[in-house]
Amino acid sequence: MAKWVYTFGGGLAEGGIALKERLGSKGAGLAEMSALGLPVPPGFTLSTAIGQQYLANGSHFPPELAAEVDAALAGIGAIAGRHFGDSEDPLLVSVRSGAAVSMPGMMDTVLNLGLNDQTVEGLARVSGDRRFAFDSYRRFIQMYGDVVLGLDLTLFEERLEDYKLSLGLMLDEELAAENWQVVCDIYKGLVLEELDKAFPQSPSEQLWGAIRAVIASWNNPRAAVYRRINSIPPSGGTAVTVQAMVFGNLGATSATGVAFTRHPSTGEKVLWGEFLPNAQGEDVVAGTRTPQDLTERARQETGSDLPSLETMMPETFAEFRHVCEALERHNRDVLDLEFTIERGRLWMLQARPAKRTAHAALKTAVDMVHEGLITKAEAISRIEPRSLDQLLHPTIDPEAGGDIFARGLPASPGAASGAVVFTSEEAELARAQGRKVILVRVETSPEDVHGMHAARGILTTRGGMTSHAAVVARGMGKPCVSGAGTVRVDFLAGTMTAGGRTVRRGDMITLDGGTGQVLIGAVPLREPELSRDFAELMSWADEIRRLKIRTNVDTPADARAARNFGAEGIGLCRTEHMFFDVRRIQVVREMILAETPAERADALARLLPMQKTDFASLFEIMSGLPVTIRLLDPPLHEFLPRGDAEIEELATIMKISPARIRARTQTLAEANPMLGHRGVRLAISFPEIVEMQVRAILEAALEVGDQAGTPVELEIMVPLVATKAELDLIYARIHDSEAQVKKLHGRAPPFKLGTMIELPRAALAAGQLALSATFFSFGTNDLTQTTFGISRDDAATFLNTYLSMGLLPHDPFASLDREGVGELIRIACERGRATRPELQIGVCGEHGGDPASIHFFAETGFDYVSCSPFRVPIARLAAAQAEIEARQKDDIDG
Ligand code: PEP
Ligand code: MG
């Protein structure tokens, strides 16, 4: 028969931390502490399996559960020496939620359960404190009314306020026992009035009501949102812990508080926390009274004139400190503890791994390795790779708060404040004048790159996680919020509006690219600092991981940054990005708009030296490391002039009529440019582009190789290939250019030829492609776009609906869709390696920097992932974690 109920208390426990999935982190922590012989009030936990079953089975419990609960309640009674429902000396319990992954404050709790009109009198007698008894009763009615009966808390608060007013009193402290007794009657009257049903007097009915409500709170909107943000699966359900109450509100020798075994913000090895004398748990959270420091040291630091626990109750504090040390040593992690002191006696109510800042997580993990508490692998596994963003970019000061104007996608992490501008020209001008600006666009195009460079951050109202703005901003390491669909931009008026509010050109806003928030005003930021701990942890990750980490860069500055972050080569150089510069873009436009091969050759001749210098500097910076260059792949529309002014300007430069440019632009206009004349198709139509690019690449490699005395590790790849015939044609052209270089220079540098896999057909025909290609680089941005048939650039308008309705578990452009796109990748790897066992396999889509996707690539046998420079450390850590997990799995599988 299944076991539903797990008891703890009196120095014993069924289960412990190892059963966290079943007991929830709270239940498991209590069991673990109890088994260690620490002072824990006795209790029992209903497993998460009960929670799941109840929610799935139309709110029914298995029939045998009632008897198990009764037996467990009797067990608590035996340890506590008082019994549930006994009117002379009643046992009161708390009923609390606790999922396997802790979700602080998201689900419900009921305290003081078991009080009714009789037991409250018993409690008053036994405690010798009538005021305390009736205060506890009214707290219970209020909490139960809210959590179980679904009444609005403010109804209770209003009645209490009215009553105090009628007495001419302001503070709860001023109410006497008789007053609280009246409040209890008022509250019961309120319940009857609102629900037409009396407040339940039967302790057993109260208990089952609370258990049902706590289980159901798993599905409350607050918890659902928290799970979505933190990628916690919706299936887990919550356990329910029922535990004997202890009271921190029994006078001056009682107290309740929270503590962290190390500082949760700085990671410093000091006990840190807060408490309130003569209070119950919710008072600490409610913020109505000022909590006091636990230690003298903290009190001195905060300059508080309220005494610390250390001085108020030195003996109990010493015991508490001892318990904290023992628990940290036992759990080998920083813990978040809740405790209550009842008339001088310490009780532990919770121990769970502490939530901490990225900075604290890093410091405590590295410190604990040095203290011999954990292994390097454990330290690595404890750091959430994405949290490194907090260490690499400025972030919003957590104390700062902020007024949210709108939300979009968290497209590129970091935070920035600046005055709003609506064009790239304004952004550049502002930078020249030394002003900080945020560039706001509907979406960006290559022409905005100079404006993006000049701006502190970028906000777009359209476009997804792989839109132009997102990809380019990530490359630059600049904050970007994309696809903020509720924002309407009026360029003419120089305003943007959202939710009925208007922000004007020049107004300050702050972007948080890590959360997707757009805030009004300049919110204080925290600058990143890279500590020695960071370097040390990274070096441990490098020792462990097998996956290589390359970077996607197209400029020397980004390449240098990436190398500093530990990149082991370039996995993608998007050559079209090299043309973003305002002067070059005109030449590119000339090349694209050329009507004859001669015109095109002229533009290309001017591009050749520019490309050559670009490549040469990348080769120099990456000396000794592989560099993969991709042949030109612009969806042409990105480069075409827009609007009359641009057309006129280009016409003057090209010395042709604007009308001719307009006509040519119209000929080139495509209904669906993302699926149009781009990638290999461009190389097929315009052989001279391939010829120029390959010459520039090979000549630059020759020069740099000669200077360095070792050849450049050069790889050339072709984008958007679907068939072997396409690939063979382009390879033949590349070899023609190689022959030309040989003729000119007497030799050509060695290089590898590969292909991108960006189309389902390419993935399926991978066996064929590998006959010609020696490496595959998965372009998962396009592969996701083409597999789902969802436009990368337009996804933001409807993808959010999909996500909020749960139609997709996550944005497939941000984190790889294993089921569909992943399956194509697996097929391609298998077929490719069947043809060519030594085939090198990498990924250069945005997923190359996403930790969950990196696990997939590691499992699938990739050689490397390539990502934007600022994500290189994240990828290094995620790759090490993937390796650690794989080893653990091997150990388990034997
Ligand atoms: C891709 O499609 O994943 C890729 C890397 O190419 P781009 O983003 O330039 O289309
Ligand atoms: Mg692509």
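**Figure 1. Helices α6 and α7 cross with right-handed geometry.** The model shown is predicted. Helix α6 covers residues 153-167, and helix α7 covers residues 177-195. Their axes come within 10 Å and cross at roughly 140°. From α6, the contact uses Leu155, Phe156, Arg159, Leu160, Tyr163 and Leu167. From α7 come Asn179, Trp180, Val182, Val183, Ile186, Tyr187, Leu190, Val191, Glu193 and Glu194. By class, this α6 and α7 contact holds twelve nonpolar, one polar and three charged residues.

**Figure 2. Helices α34 and α35 form a right-handed crossing.** Helix α34 runs over residues 851-859, and helix α35 over residues 872-893. The two axes come within 9 Å and cross at roughly 50°. The helices α34 and α35 are therefore oblique to each other. On the α34 side, the contact residues are Pro851, Ile854, His855 and Ala858. On the α35 side, they are Ile874, Ala875, Ala878, Ala879, Gln881, Ala882 and Glu885. Sorted by class, the contact of α34 with α35 has eight nonpolar, two polar and one charged residues.

**Figure 3. Glu758 and Asp782 coordinate the magnesium ion (ligand 2).** The ion is held through OE of Glu758 and OD of Asp782, at 2.0 Å. The pair links distant parts of the chain, 24 residues apart. Glu758 sits in the loop between β31 (751-757) and α29 (760-764). Asp782 belongs to helix α31, residues 780-788. Both Glu758 and Asp782 are buried.

**Figure 4. Helix α19 is mostly covered.** The helix spans residues 468-476, and nine of its nine residues are buried. In chain order, these are His468, Ala469, Ala470, Val471, Val472, Ala473, Arg474, Gly475 and Met476. Several elements contribute to the cover over these residues. Among the helices are α18 (449-454) and α21 (556-564). Strands in the cover include β16 (409-412), β19 (457-460), β20 (480-482) and β28 (570-574). Gly477 follows α19 and has a positive phi, near 70°.

**Figure 5. Ile592 is a buried residue of helix α22.** Helix α22 spans residues 582-593. Ile592 has 7% relative accessibility, so this residue counts as buried, the limit being under 20%. Leaving out residues up to four places away in sequence, Ile592 touches Arg600, Leu636, Phe639, Leu640, Arg664 and Leu668. Asp542 lies 50 residues from Ile592 along the chain, and their C-alpha atoms are separated by 44 Å.

**Figure 6. Asn278 has a positive phi although it is not a glycine.** The value is about 45°. Asn278 lies in the loop between β10 (272-277) and α10 (281-286). Its relative accessible area is 36%, so Asn278 is partly exposed.

**Figure 7. Arg332 also shows a positive phi without being a glycine.** Here phi is about 55°. Arg332 is placed in the loop between α13 (314-331) and β12 (335-342). With a relative accessible area of 30%, Arg332 is partly exposed.

Notes: Residues are numbered from 1 along each chain as its sequence is written. Chains are lettered from A and ligands numbered from 1 in the order in which they are written. This is a predicted model: local features need pLDDT of at least 70, side-chain atom pairs count only at pLDDT 80 or more; totals for chains, interfaces and linings use all residues. Side-chain values use heavy atoms; hydrogens and water are left out. Donors are N, O and S atoms within 2.8 Å of the metal (3.2 Å for Na, K and Ca); water is not among the atoms, so sites may look incomplete. Helices (H or I, at least four residues) and strands (E, at least two) are DSSP runs, numbered from the N terminus. Buried means under 20% relative accessible area, exposed over 50%, partly exposed in between (1.4 Å probe, protein chains only). Axes are lines fitted to C-alpha atoms, for helices over the stretch in contact, and angles run from 0 to 180 degrees between N-to-C directions. A crossing is left-handed if the near helix is turned anticlockwise from the far one by less than a right angle, and right-handed if clockwise. Contact means heavy atoms within 4.5 Å. Ala, Val, Leu, Ile, Met, Phe, Trp, Tyr, Cys and Pro count as nonpolar, Asp, Glu, Lys and Arg as charged, and the others, Gly among them, as polar. Angles under 35 degrees count as roughly parallel, over 145 as roughly antiparallel, 65 to 115 as roughly perpendicular and the rest as oblique.
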